[in-house]
Structure formats: C-alpha cells, structure tokens
Amino acid sequence: MAEIKKTSVTVDLDYPLEHEGREVKTLSFRRMKAKDALVAEGENNQAKAGYLLFAALAGVDVELIMELDIEDLEKIGEEITPLMGKSAAVALEERKRAASQSSGAT
C-alpha cells in the first residue's frame, strides 16, 4: 500500500501571540515547492533564512515568525519537516546536532 503524504500541517502554538490586531493560536503550513528554496536566496543569516522559509510556507509575514516563542518555533520545525523533503530533514537533524554540541549537551 502506498504511503499517503501530508499536504499541510497545522501547529497549535503553546504560546499564542498578538499580530496585527488578532490573536494567533495556530499556524498552518503547506508542502514546500521547489520555488520555496529560493525564498531566502542571498540571506547570509541561517536563522533568518529559516524564518523566511517558515513564513512562506505558512503564508504569513516574517515578522510574525520572528515573534514566536522559541519553543513554538522549535515545535514548528519538527512538525513541518515531513513537508520539506528529505534534504530538509537531513539539514534539520544536522542543525539540531550542532546546536546540542555547542550547548555542551551530550
């Protein structure tokens, strides 16, 4: 039987926020398209590049993504990885590993 791939993911925020006069409690993300790989072209800051990609996939302003609580941002990264293809999943794991090594975690 063929595996059914998700086309979108809705993430409930643990720390809702106010943005443009409304409370944001959830964000919905669509599957990544090839053109989305270019969203952050020329952006030298990796974190900002990730924020730009998340914003594109959610169809929101990058300012909203930048105001998220860090725990919600990490949760989003984990939950939308299946929408981003195999190379994104590998990149996410490498970033997690690098972050844990730099923080002294084992």
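Val9, leaving aside neighbours within four places in sequence, is in contact (heavy atoms within 4.5 Å) with Leu27, Ser28, Phe29, Glu79 and Leu83. Val9 lies in strand β1, and it counts as buried because its relative accessible area is 8%. Buried here means under 20% relative accessible area, with exposed over 50% and partly exposed in between (1.4 Å probe, protein chains only). The model is predicted: local features need pLDDT of at least 70, side-chain atom pairs count only at pLDDT 80 or more, and totals for chains, interfaces and linings use all residues. Residues are numbered from 1 along each chain as its sequence is written, and side-chain values use heavy atoms, with hydrogens and water left out.

**Overall layout**

- The chain has 4 helices and 2 strands; these are DSSP runs numbered from the N terminus, with helices (H or I) of at least four residues and strands (E) of at least two.
- From the N terminus on, the order of elements is β-β-α-α-α-α.
- Of the 106 residues of the chain, 31% count as buried.
- Taking contacts between residues at least 6 apart in sequence, 48% join residues at least 24 apart.

- Val9 and Arg30 are separated by 21 residues in sequence, while their C-alpha atoms are 6.7 Å apart in space.
- His19 also belongs to strand β1, and it counts as buried because its relative accessibility is 13%.
- Residues up to four places away in sequence not counted, His19 touches Val24, Asp61, Glu63 and Leu64.
- Lys25 is in strand β2, and its C-alpha is 5.4 Å from that of Leu13, a residue 12 places away in sequence.
- With residues up to four places away in sequence set aside, Lys25 touches Val11, Asp12, Leu13 and Pro16.

- Ile65 touches Leu27, Tyr51, Phe54, Ala55, Val60 and Leu73, not counting residues up to four places away in sequence.

**Packing of α1 and α3**

- Helix α1 (residues 46-58) packs against helix α3 (residues 70-80) at an angle of about 65°, with the axes 12 Å apart.
- The axes are lines fitted to C-alpha atoms, for helices over the stretch in contact, and the angles run from 0 to 180 degrees between N-to-C directions.
- The crossing of α1 past α3 is left-handed, a term used if the near helix is turned anticlockwise from the far one by less than a right angle.
- Tyr51, Phe54 and Leu57 of α1 make the contact with Leu73, Ile76, Gly77 and Ile80 of α3.
- The residues of this contact divide into 6 nonpolar, 1 polar and no charged.
- In this scheme Ala, Val, Leu, Ile, Met, Phe, Trp, Tyr, Cys and Pro count as nonpolar, Asp, Glu, Lys and Arg as charged, and the others, Gly among them, as polar.

**Helix α3**

- The buried residues of α3 are Asp72, Leu73, Lys75, Ile76, Gly77 and Ile80.
- At the start of α3, a side-chain oxygen of Asp69 comes to within 2.9 Å of the backbone nitrogen of Glu71.

Terms used:
Polar contact = N/O pair within 3.5 Å; in protein donor to acceptor, adjacent residues only side chain to side chain.
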